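Here are a few notes to read alongside the model.

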Amino acid sequence: MENKVVKLLLIIVILLSLLMIYERFSGGLSISSLGAQNKIDEVYDLIKDIYVDEVEDSAISRRAIEGILSGLDPHSVYLSQDEVSSNEEEMKGEFEGIGIEFQMIDDTVNIISVMAGGPSEKAGLLPGDKLVAIDKDSATGISTDAIRKKIKGKSGSKVTVSVVRYGSKDLKLIQITRGKIPVKSVTAGFMLNKNTGYMNIVRFAEKTSTEVLDMLNTLRAKGMSRIVLDLRNNPGGYLQEAVKIADYFIDGSKVIVSTRGRISQANEVFKAEKEYVYEKMPLVILINRSSASASEILAGAIQDWDRGLVIGERSFGKGLVQQQIDLSDGSAVRLTIAKYFTPLGRSIQRHYDDREEYYDELSHREEEDSLAAAGKDITSGLPAFLTPKKRKVLGGGGISPDYKSGSYDNSRGSAALLRSNYYSQVSLAWFEINGDKIRSDFKTAEDFNSKFEFTPADVQFFRTFAAGFGSVNELTGDDIFLNRIKAEIARYIWQQQGFFFVYMMKDETVLTALSMLDKAAELASLKQE
């Protein structure tokens, strides 16, 4: 990195400390009267000229930038060149690679799913294969980032992988021609029943609004007249994409969101513009504590206009807008330039005076749930607003759902299993034995979901496998527990669409949404077909 960049971005704490040392040992010569830029120049020269060890500019600069940004808000961050590249791939909706999902289990790369029609499927790679080498280099015991770097490459280039397949002792060498791999924002979309469509959105990237509209049109052609939009675990993304999607459901020229900042170009009001048939369909949006930013913009606009119901948990509470500014070496600073406000003027940004507490708060929300269940007011001090239908909604701490569902307390044991990677491991172990039969017996995820049931021997297998996973063993045999394993197995054959179809059919929050669609229609003054 150029010296000038380093000089501009040295951490203030380091500056002050070194300045005091310099003043103490320089015979009383003070440089405290120099301007901020001169101080940075002076300290940089001191480090380069007399510091005891040689210091790499790149290491200093990253720590310096991160130190400076740490004094701002939690979402103003520095991105290295690799992080910029990775983020661009995700947000542009495409990268070049071989088209697999994998997990590291016991230091071994286990292939979870193979993209339909992608390079790996064409080459013969299968879910359940264990990848042990890439171009003759061992793939065992190295990081997931290192694996990704090895299998990515220019479209048209080739990579040879060595895999072990269940039931075979021979090492298989498979040459794969890399290609362009789409990164979908809409991971699944299907009919929950004859007239209710479901869609899962995992991010708001460059093509998300187009993906959403395409899926809405597809589901409408299948008979959809009611919509469940799942934004759980969606961390956000581009504000403009959230605005476009909100426009699909909000009529007229109603305000969707506004932004306010210190610079003039940060002050904008975004409104609905076009007319869509989906404005007349009952709508429920699902959120949880990991729904943030653009997810909250969409949910907040729907809630403020009484357009539909919001169900789930209180959302993350990120109401800040960032602009990414590229630096000369390909790295970047993502800097907060504005706050956003819902149509009623709600800021849903949580307090962030203490960064550690800011993120820890999410894991302590079960205590909030317990207090609410005991009848105690947990909203005291939060600003309240009235919707056009005179419903009270809150600001200052995320989007509070109209109806709570899927609380952390009810799924604490299941969350422990997820953290321990139990579901992936047990489903893979079962699939290695039974996968060929599942492929043969069931041609669609719908058929598999409706007709397949685990045997008592299967349940015992899951219990035995869970022996090393602590106190959560009592969950084995539970219907929700078994459905999660069933969904993981569906993922091996029918990718994410299969997983979500099986899992959501018994998901508590989805079932709550189905029961609330009539109320959503009544709230929005919509006629039911």
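1. Strand β16 (residues 309-312) and β21 run parallel and are joined by two bridges; I311 has Y403 as its bridge partner in β21. Strands here are DSSP E runs of at least two residues and helices are H or I runs of at least four, numbered from the N terminus; two strands pair if DSSP finds at least two bridges between them.

2. Please keep in mind that this is a predicted model: local features need pLDDT of at least 70, side-chain atom pairs count only at pLDDT 80 or more, and totals for chains, interfaces and linings use all residues. Residues are numbered from 1 along each chain as its sequence is written, and side-chain values use heavy atoms, leaving out hydrogens and water.

3. The open sheet has six strands with mixed pairing, ordered β10-β11-β12-β15-β16-β21. At its edges, β10 (186-191) and β21 (403-404) each pair on one side only.

4. What is the largest nonpolar core built from? It has 49 residues, and Y422, F448, F462 and I485 have the most contacts inside it. Such a core is a set of buried Ala, Val, Leu, Ile, Met, Phe, Trp, Tyr and Cys residues joined through side-chain atoms within 4.5 Å, with buried meaning under 20% relative accessible area (1.4 Å probe, protein chains only). Helix α17 (479-504) gives the largest share, 15 residues. Because domain 2 (186-408) and domain 3 (412-506) both contribute residues, this core lies between them; the domain bounds come from an automatic or database assignment.

Key
Buried < 20%, exposed > 50% of the residue type's maximum accessible area, 1.4 Å probe, protein only.
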